[in-house]
Amino acid sequence: MSEPTRILLLDDGELSNVARILQALGLEHVRIRGQKVRDPLTPPSELLITTPRCASLVRRGAPPEAPAGRPVRIIGVEEDSSSMRRMLRRMGYHLLVGLPGTDEIWRPLIHRATYRGQERRDGKRIVVGCAVRVSHRDDPVDSQPATLMDISARSCQILISTKVQASEELELTLPESATHGKSLNLEARVHRVGADLGGGFRTLVLDFDDAMDSATRAELMGLMQLWSAGPPSAAHPRTK
C-alpha cells in the first residue's frame, strides 16, 4: 500500500459479511488477508475494520490526508472481555462489534465513519454503539429501542426504525447497562433525519437541550470519559 486507502478491511476471512455490506453500499475499499502481511500497514484515511488477530498489523496514527478524528478503527470479535477492550483502546481502536454482526449494526457504523457532514465538527465525539431508548417528551412511557452511534457534549447520533421528523423534541434514555450505574435521561431535539438505510432504519442527529442542568451535564461528561477509556461493545444479539 504505497498510498493510504479510504477504507481498509483486514482479516483472515472473518469479515466476509462486512465486505458484502461495503460492496452493497458501493464503497470502494481494500481487503487484505492478515496472514499475507509482513510489514506494518499504513492506516486508511477514514475507516479500518479488523479483528484482534490482525489489530497490531496496522500502524498507529493517521495519514496526512485523513480528516480530523479519523480513521475510525473498529474491531470485530467473537469473544468479548473488559481486558480485551482496554488492550484495544491502548492500541487506538474505538469500537468493538460482535461477529458476524447484522446489517443494522454495520451499515450505520460504516455510514458514520465515512460521513463528512457538519455535525462531525461538533467537538470531541465518542463512538459508542450501545442500545438506548427514545421517547417523545410528551409521552415518555411509549419509548422505542435505538442504537447510540456516537455522542459529544452537545449532540449525538442514533439509529432508529421509528419515523421521526426534524425539530421533534425527544427524550433519550441511556440505560444502566450502558452507564454501568443508574440510567440517564437527556432531553434533545432532532437536528437532522438521515436517509433510509434499509429495513426502515435511519440515523438521527439529536441536539441536546441547551438548558441541561449542571448535574445532568456532569453525569454526561463522566459517562463520555468512561466510554473513552475502552471501546464499548455494540449491545445487540449476535447472529449465528
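## Helix H1 and its cover

Strand S1 (7–11), strand S2 (30–33), strand S3 (47–50) and helix H3 (103–114) are among the elements that cover the buried residues of helix H1. Buried here stands for under 20% relative accessible area, exposed for over 50%, and partly exposed for what lies in between, with a 1.4 Å probe and protein chains only. H1 spans residues 16–24, and its buried residues are Asn17, Val18, Ala19, Ile21 and Leu22. An α-helix has 3.6 residues a turn, so residues three or four places apart point the same way. Just after H1, Gly26 takes a positive phi of about 75 degrees.

## About the model

This is a predicted model, in which local features need pLDDT of at least 70 and side-chain atom pairs count only at pLDDT 80 or more, while totals for chains, interfaces and linings use all residues. Residues are numbered from 1 along each chain as its sequence is written, and side-chain values use heavy atoms, with hydrogens and water left out.

## The chain as a whole

You will find five helices and 11 strands in the chain; these are DSSP runs numbered from the N terminus, with helices (H or I) of at least four residues and strands (E) of at least two. Of the 240 residues, 48% are buried.

Strand S11 holds Thr203, a buried residue with a relative accessible area of 2%. Leaving out residues up to four places away in sequence, Thr203 touches Pro108, His111, Gln157, Ile158, Leu159, Arg192, Val193, Gly194 and Leu197.

## Salt bridges

The structure holds seven salt bridges, each a side-chain nitrogen of Lys or Arg within 4 Å of a carboxyl oxygen of Asp or Glu. One of them pairs Arg137 with Asp209, with the closest N and O atoms 3.8 Å apart. Arg137 sits in the loop between strand S6 (126–136) and strand S7 (139–151), and Asp209 in the loop between strand S11 (202–208) and helix H5 (214–228), so this pair ties together parts 72 residues apart in sequence. Both partners are partly exposed: Arg137 has a relative accessible area of 27%, and Asp209 has 24%.

Another salt bridge joins Arg189 to Glu169, and here the closest N and O atoms are 2.7 Å apart. This pair links distant parts of the chain, with Arg189 in strand S10 (residues 184–193) and Glu169 in strand S9 (residues 169–174), 20 residues apart. Arg189 is partly exposed at 40% relative accessible area, as is Glu169 at 35%.

## A network, and one more pair

Which residues are linked in a network of salt bridges? They are Arg137, Glu169, Glu187, Arg189 and Asp209.

Lys182 and Glu219 also form a salt bridge, their closest N and O atoms being 3.9 Å apart. That pair links distant parts of the chain too: Lys182 lies in the loop between helix H4 (176–179) and S10, and Glu219 in helix H5, 37 residues apart. Lys182 counts as exposed at 59% relative accessibility, whereas Glu219 counts as partly exposed at 32%.

Note on methods: Contact = heavy atoms within 4.5 Å.
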